[in-house]
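Please look over the sequence and the structure before reading on.

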Amino acid sequence: MKGDSVSQRGQIRGFLFEYAILKMLQNNGFGIVEIPDTEERIREKRRNFIELKGRGAWHQIDCPCDYNIISPFMYPIRILGEVKCYKNPIEKEKIRNFIGVVKDIQENYFADELELDITGLPKRFIEVGAFFSYSGFNKEAEFLAYAHGIKTISYQDNFLVAGICDAVYQLEKNISYKNFTNKGMKAYRDIIERLHIADREKFFENLNQLQLDDYFSDELDIKTKGISGFYVYNLKKFIDNLLTVKSSFIATNDDGLVIHFIGDGAFPNEIFEDRDEAFCNVYYRGTNQKSYWLELEKYNYQEYGHKEKENTKFYFSPPRLLLEAIKNSEENIKSIKQEIFHKMVVHKKINGKQRTLIIHINPNQFLNS
C-alpha cells in the first residue's frame, strides 16, 4: 500500500508464503515448535514471531519445526526454515546471513558440570538449516549453502506453487503494513486458518462470520461497502490455491538432495499397501508455462508392464543439473535423470502407520512430455 517500503511489502509476502510452506511441512510429519513457559532457548517475543536463542543473540525463524521421527544415534531433528517469496532467485548474500544464524543456534549448547546426570541438561536437537525459495537460487547461493550444510528447496517453475504465489502478490497489495504490525500476524493467520479448513463452498458465509472489522482498519470502509472487494477476491484466490494442493511429500536421494513434490490429487496410498518400494515416471512440459512433474505407477512395471491411467501429478522444481541438461537438449539427460531419481527415500504416514518408502525411476521411461 501507499507509504510502505519495499522491505515492508516483502515481509507481508513472506508471511503469506510461510503459511503455505508450514502447512505442507505439517502434513509431512513436521510440527511447529512448542513455546515453553521459560525463555531459556525459545520464545515468542511478538505474536507469531518465534525466536531461538543462539550463542550470541536471539534469532527470528520463519518456520521452526520439529520432526516427529527419531533415528538411532541421532538427536531429534529441528528444522530452521527460512522462507522467501521473491521474484528473482536468491543470491549468496541471503545464504551467508542465514549461515550465521544457523551456526549461532547450533553452537548454543553447554554442559554444566554441576549437573549430576546428563538427563538434567537441556534437550538437544540437530538443527538443520532449510531455505525455501519460490524463485529458486542462483548458482553461487546453492554452492555456498551446500558447503555449509544448508538445504535449498526451490519452487521455481512449480506449477501449483506458482498459483499460490501469484495470489500472495495480489493479496499483499491489499494489506496495510501498519495494520499488519499493529494487529499482529496472528490475526491474519487466524483468518486464513479458519477459511482454509472451512467448507470451500461457503467461503463468503464463513468470511462474514469472522467479523473482520475486529481485525482490520485500513482495509475497511465501514461507511460504504465494508471490506474491500479486491481484498475479498484475492483472499478467496489465495485460499482456493492453497486448497488446490491435495498432498505432498519430501524426498531425499542418495546424494542428500531434497525435493518437495506437490500433488494436485491424493497421495496413492494403495500403491504401498503391501510393499515399501514403487516406480515413478518423470515428465516436463516446455511451453510458455513450464512445468515438471512426477507420477507414481500404480503397479510395478516389471510385474505388469503397463501404466495405470490418471495418476496424481506431483509437481517439483528440477535440480540445476537436470534443468541445464533440458535447456541445452543434452544427450545425457537419461543418465542425469537416473542419477537424481534412481532412489528417493520418503517418510510418509499411511493408514495411521509411519512408513519409510523408496521410489525408483522407471528405467523404461525417460524424460519427455
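## The strand and its partners

Strand β12 is joined by 2 bridges to strand β15 (residues 314–315), and the two run antiparallel; strands here are DSSP runs of E of at least two residues, helices are runs of H or I of at least four residues, and both are numbered from the N terminus. Two strands are said to pair if DSSP finds at least two bridges between them. Within this pairing, tyrosine 315 of β15 is the bridge partner of isoleucine 262.

Strand β12 also pairs with β11 (residues 247–253), in the antiparallel sense and over 6 bridges, with alanine 251 standing opposite isoleucine 259. The two strands form a hairpin that has 4 residues between them, and glycine 256 in the turn has a positive phi of about 85°.

## Basis and confidence of the model

This is a predicted model, in which local features need pLDDT of at least 70 and side-chain atom pairs count only at pLDDT 80 or more, whereas totals for chains, interfaces and linings use all residues. Residues are numbered from 1 along each chain as its sequence is written, and side-chain values use heavy atoms, with hydrogens and water left out.

The protein chain averages a pLDDT (the predictor's confidence in each residue, from 0 to 100) of 83, and 81% of the residues score at least 70. Confidence is highest in helix α2 (residues 92–106), at a mean of 98, and lowest in strand β9 (residues 220–221), at 42. Over residues 217–227 pLDDT stays under 50, and for this stretch the model has 22 contacts (heavy atoms within 4.5 Å) beyond four places in sequence.

## Burial of the strand

Which residues lie on each face of β12? Val258, His260 and Ile262 are on one side and Ile259, Phe261 and Gly263 on the other, and all are buried, meaning under 20% relative accessible area with a 1.4 Å probe, protein chains only. In a regular strand the side chains alternate between the two faces of the sheet.

## The largest pocket

The lining comprises 40 residues, of which Glu142, Leu257, Pro319, Arg320 and Leu321 lie nearest the pocket's centre.

Terms used: Buried means under 20% relative accessible area, exposed over 50%, partly exposed in between (1.4 Å probe, protein chains only). On a 1 Å grid over the protein atoms alone, a cavity is a set of points where a 1.4 Å probe fits but cannot get out, and a pocket is an open set with protein on both sides within 12 Å along at least five of seven lines; lining residues have an atom within 4 Å of a point.
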